[in-house]
Amino acid sequence: MTETGTDIAHAAASLAAGKLVAIPTETVYGLAANALNPQAVASIFEAKKRPFFDPLIVHIADISEVEKCAAYFPPLARKLAAAFWPGPLTLILTKTEIVPDLVTAGQPTVGLRVPNHPLTLALLKQVDFPLAAPSANPFGYVSPTRASHVASHLGNEVDYILDGGDCEVGLESTIIGFDTHDQPVILRLGGLEISRIEEITGELGENLHQNSNPAAPGQLDMHYAPRCLLVKQDDIALQLQEAENFKTALIRFTRPIDGYDPEKQFILAPDGSLKTAASRLFGILRQLDNEGYNLAIVENVPDEGLGRAINDRLKRAMVR
Ligand code: TXA
Ligand code: MG
């Protein structure tokens with residue numbers, strides 16, 4: 001079994017030796033390597049079976065480290081970083097030479113973020129390099145929100161799992177890029193609500209479309225897919241539900257429906273809060289697989305605030 005624990009010195013030593021360490025963040029667990037060591041970075045792609053065209057986010061200890069990795073810090077980017085770091089926000093900025101091309105998939109930009117988790121912040125202060133880290137799941141599968149999720153799929157690939165408990169936010173960071181006039185553009189919906197960003201920037205444009213969008217090459221459709229087939233709550237779903245070979249679950253927002261086994265109903269937010277739904281979503285998708293469900297009928301959540309990011313992930317989890 002992979003070693004799991006809270007030993008920051010051990011994690012730091014593994015990373016300095018070019019090995020992979022799973023790190024907790026407030027969003028999801030990351031699969032980390034020394035971002036400045038191309039060989040270590042290459043092993044991230046191998047471990048995840050991730051295509052090399054999908055760039056990695058670089059994690060730094062605080063805002064003062066931006067200048068190491070970014071050649072230019074647009075004024076609005078600086079404002080956003082000051083307001084939301086540490087936190088679930090990734091900024092795409094023009095990279096400096098020290099950032100290997102492998103990290104950025106050959107692009108001239110790098111994604112930067114200061115994650116908000118005490119263990120990982122302590123780790124980042126201890127090492128003298130930034131950490132490249134995608135979510136710590138095999139490519140295409142659901143992102144991990146607790147140490148055991150990492151162990152079950154990538155346990156053999158990592159040298160150590162830094163166990164920071166359950167991720168508080170549960171959805172990946174919101175990604176913001178900047179256009180040629182330094183105007184912010186939304187590239188991925190995530191754990192930081194757009195309305196909070198817009199309080200600082202004014203109304204933002206979006207560039208969320210994935211497969212055809214070279215600005216965010218990792219935003220692939222099929223990105224969060226469990227083995228269990230997810231379908232929308234509609235007539236076809238109800239017919240399928242009656243088919244014999246399916247072990248069928250319902251994913252509901254706040255309450256179970258009457259007339260269906262409550263044990264087979266997964267409630268995202270018993271308290272009605274989108275924050276709760278976000279933090280529970282990926283764990284529930286994994287639970288469906290672990291419990292052998294092969295069909296889940298999904299009720300979307302209200303499409304506002306964090307709900308937009310939740311519905312985005314549900315939509316991607318449905319694509320086959
Ligand atoms: O919350 C998060 O963002 C988590 C934690 C571990 O920090 N990380 C994460 O990484 O979700 P990952 O690899 O699953 O998603 C990274 C995505 C890429 O797929 C791509 O869409 C975008 O970030 N990205 C990274 N660098 C980029 C760049 N230079 N230009 C455009 N998009 C970039
Ligand atoms: Mg990912």
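**Core and sheets**

Analyst: In the largest nonpolar core, which has 81 residues, L91, L112, L230 and L288 touch the most other members. Such a core is a set of buried Ala, Val, Leu, Ile, Met, Phe, Trp, Tyr and Cys residues joined through side-chain atoms within 4.5 Å. Buried means under 20% relative accessible area, exposed over 50%, and partly exposed in between (1.4 Å probe, protein chains only). This is a predicted model: local features need pLDDT of at least 70, side-chain atom pairs count only at pLDDT 80 or more, and totals for chains, interfaces and linings use all residues. Residues are numbered from 1 along each chain as its sequence is written, and side-chain values use heavy atoms, with hydrogens and water left out.

User: Which helix gives the most to this core?

Analyst: Helix 10 does, with 8 residues. Helices (H or I, at least four residues) and strands (E, at least two) are DSSP runs, numbered from the N terminus.

User: Why is strand 6 largely enclosed?

Analyst: Because 4 of the 5 residues of strand 6 (residues 109–113) are buried, the rest of the structure largely encloses it.

User: Changing topic: what is the order of the open sheet of 4 strands?

Analyst: The order is 12-15-13-14, with parallel pairing. Strand 12 (229–232) and strand 14 are at the edges with a single partner strand each, so one side of each has no neighbour in the sheet.

User: Which strands does helix 10 lie across?

Analyst: Helix 10 lies across strand 12, strand 13, strand 14 and strand 15, at about 165° to strand 14. Axes are lines fitted to C-alpha atoms, for helices over the stretch in contact (heavy atoms within 4.5 Å), and angles run from 0 to 180 degrees between N-to-C directions.

User: How many aromatic pairs are there?

Analyst: The whole structure holds 2 aromatic pairs. F266 and Y293 form an edge-to-face one, 5.5 Å centre to centre with 90° between the planes. Rings of Phe, Tyr and Trp (its six-membered ring) pair if their centres lie within 6.5 Å; planes under 30 degrees apart count as stacked, over 60 as edge-to-face and the rest as tilted.

Conventions. Chains lettered and ligands numbered in written order. Pairing = 2+ DSSP bridges.
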